[in-house]
Amino acid sequence: MGKRASPLDIYALLDKSNCKDCGYDTCMAFATDILERKITLDDCTHLNQDPKQAKKLAKLRELTSPPQKPVIIGVGDRKCIVGGEEVLMRHQLTFYNKAGIFIEVPDDMGADLENTIKYLNDVKIERMGDTLTIEGIALRCVSGDVETFKAAAKKITGISGLPIILCCLNPDILLTAAGEIKEKKPLLYAATKETWEKIGTFAAQNSLPVVITSPNMDELISLSATMQKLGVKEIVLDPGTFYGPGSISKTYDDIMRLRTAAIDNDDPNACWPVMGVPASYWTQVDTNGDVVMHQYQEVIMAAIMIAIDTSLIILHTGQKKDEIWGLLALMTLRQSIFADPRIYPTAEPGCFKIGEPGPDAPIFVTSNYRMTKIPVEQDLQGGNIDCWLLVVDSEGIGIESAVAGGQFNGGSIAEAVNEFKVFEKVNHRILIIPGMAARISGTLEDEANCYVLVGPRDSSGIPKFVEELWTPDKYMAEFAERGD
Ligand code: SF4
């Protein structure tokens, strides 16, 4: 990979007038956020409205384009960007575009198609403050019939804004359907050594992204070069998904070879997103045509692909409501892999209202580690507990470690109590601290002049704890006795 541009490299090519037209106070601030992809070069009015800046703009585009090019599938709010990465390993910087999960849907579902698409359109998992969704639909031509495939493509784009991959190896059927929905910017799957010219010409004329597939890496790279010469501007590479003993390593190696060629070696023909098709596991059939595989094998292959930053995967599992387990596992894994390692997962300190707390409402104390604060908040909300949640600045460290390291202690909690005027919100002076912080209860009582109740070690136990033990009058009587 070439050396990553610095904010100064970008700043040197900007107008430097600090005119603020872009919403930033300085051109340097703009340059910093350009590199973080929070904005685009189009946001600088000087660059785009002054023809004399054309050369600088071209240079800036070159400096800011990643070695693996991004490809956009779909239009509107739910359009999906795949690829566009700068590093092989997340810890080297960060991954910018998470692996797109597309769910395979056959074109011969008949009346079930509409309900399936509506379900997939709305499926979401709330986790740690994020809403996790799938990225699109992969419509597979099972019927072999152009009218059925075309009608299914139109139906899907008519009822959902999800991006669509049109999957058909017959170029006539594929391109007829693509012509019907081309304004939705579908991804065409797939051009092969037999069909590249027809599909490539159509993709170039209609500015559509296209998948090239071949199990032979040299052939795949050669097809990429040919398609680019045809004028195709957005390509996704599919080296094939192989299963069975010894074959999983080929799948893994091919994906990594393509990513390495793009990111480390600046190969102009490998510089595209890479995809995998775990759904191909379902093609394992016995002599009677019955599928012979375990569903979890597909999900494991998908997990391997997500773990190595495969740009896009097509899954069969997940199409039905009772297959949410597969999406839950993969989306949770993906959320971790694609979290920015440069940003410590902290939450804002403060005293947060949960429900409608009255004067006797309990006050729970927790740390500002995001993975602690959010589950505690969710458990309180889920238990319908009207209360206050005091989030203390523990430097983003979880309770157990912060107690050991001294970031979550009597003094820091007392400071937060004063800063957020916690006891002015209720008519008692009782704090409930996590069970893992029991050992600081004595110092906290002294520092904050309060009664400390030690809660459960795990916030899932809070509802039961409140039901059985929350008797503020009794604790305040004890507190008063101590003062006498
Ligand atoms: S619009 Fe351009 S010139 Fe003006 S502050 Fe922003 S980056 Fe600088």
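This is a predicted model: local features need pLDDT of at least 70, side-chain atom pairs count only at pLDDT 80 or more; totals for chains, interfaces and linings use all residues.
## Overall architecture

The chain has 484 residues, and 39% of them count as buried. Its secondary structure amounts to 18 helices and 17 strands. Along the principal axes, the C-alpha atoms occupy a box of roughly 90 × 70 × 40 Å.

Among contacts between residues at least 6 apart in sequence, 64% link residues at least 24 apart.

## The eight-stranded sheet

Eight strands form an open sheet with parallel pairing, in the order S10-S9-S8-S7-S6-S3-S12-S11. Strand S10 (235-238) and strand S11 are the edge strands; each has a single partner strand, so one side of each lacks a neighbour in the sheet. In general, strands of a sheet pair through backbone hydrogen bonds, either parallel or antiparallel.

Strand S8 (residues 187-191) and strand S9 (residues 210-213) run parallel and are joined by two bridges. Ala191 stands opposite Ile212 in S9.

## Helix H11

Helix H11 (residues 295-307) contains 13 residues and spans 19 Å from its first C-alpha to its last, close to the 18 Å expected at 1.5 Å a residue. Its buried residues are Glu298, Val299, Met301, Ala302, Met305 and Ile306. Viewed down the axis of H11, these buried residues fall within an arc of 160 degrees, so they line one face of the helix.

What do the buried residues of H11 pack against? Their partners are helix H10 (247-263), strand S11 (275-276), strand S12 (312-315) and helix H12 (324-337). Strands S11 and S12 also belong to the open sheet, where they are placed at the end of the strand order. After H11 comes Asp309, which has a positive phi, near 60 degrees.

Ile221 is located in helix H9 (residues 217-230). Is this residue buried or exposed? Ile221 is buried, because 21 other C-beta atoms lie within 10 Å, and the threshold for burial is 20 or more. When neighbours within four places in sequence are left aside, Ile221 is in contact with Asn269 and Ala270. Ile221 and Val146 are 75 residues apart in sequence, and their C-alpha atoms are 30 Å apart in space.

Ile432 belongs to strand S16 (residues 430-433). With 25 C-beta neighbours inside 10 Å, Ile432 likewise counts as buried. Not counting residues up to four places away in sequence, Ile432 touches Pro362, Ile363, Phe364, Val365, Leu453 and Gly455. Ile432 and Ser65 are 367 residues apart in sequence and 51 Å apart in space, C-alpha to C-alpha.

Definitions and conventions:
Residues are numbered from 1 along each chain as its sequence is written. Helices (H or I, at least four residues) and strands (E, at least two) are DSSP runs, numbered from the N terminus. The expected span of a helix is 1.5 Å times one less than its number of residues. A residue is buried if 20 or more other C-beta atoms lie within 10 Å of its own, exposed if 12 or fewer, and partly exposed in between; C-beta atoms are placed from the backbone. The arc is that of the directions from the helix axis to the C-beta atoms. Two residues are in contact if their C-beta atoms, placed from the backbone, lie within 7 Å. Two strands pair if DSSP finds at least two bridges between them.
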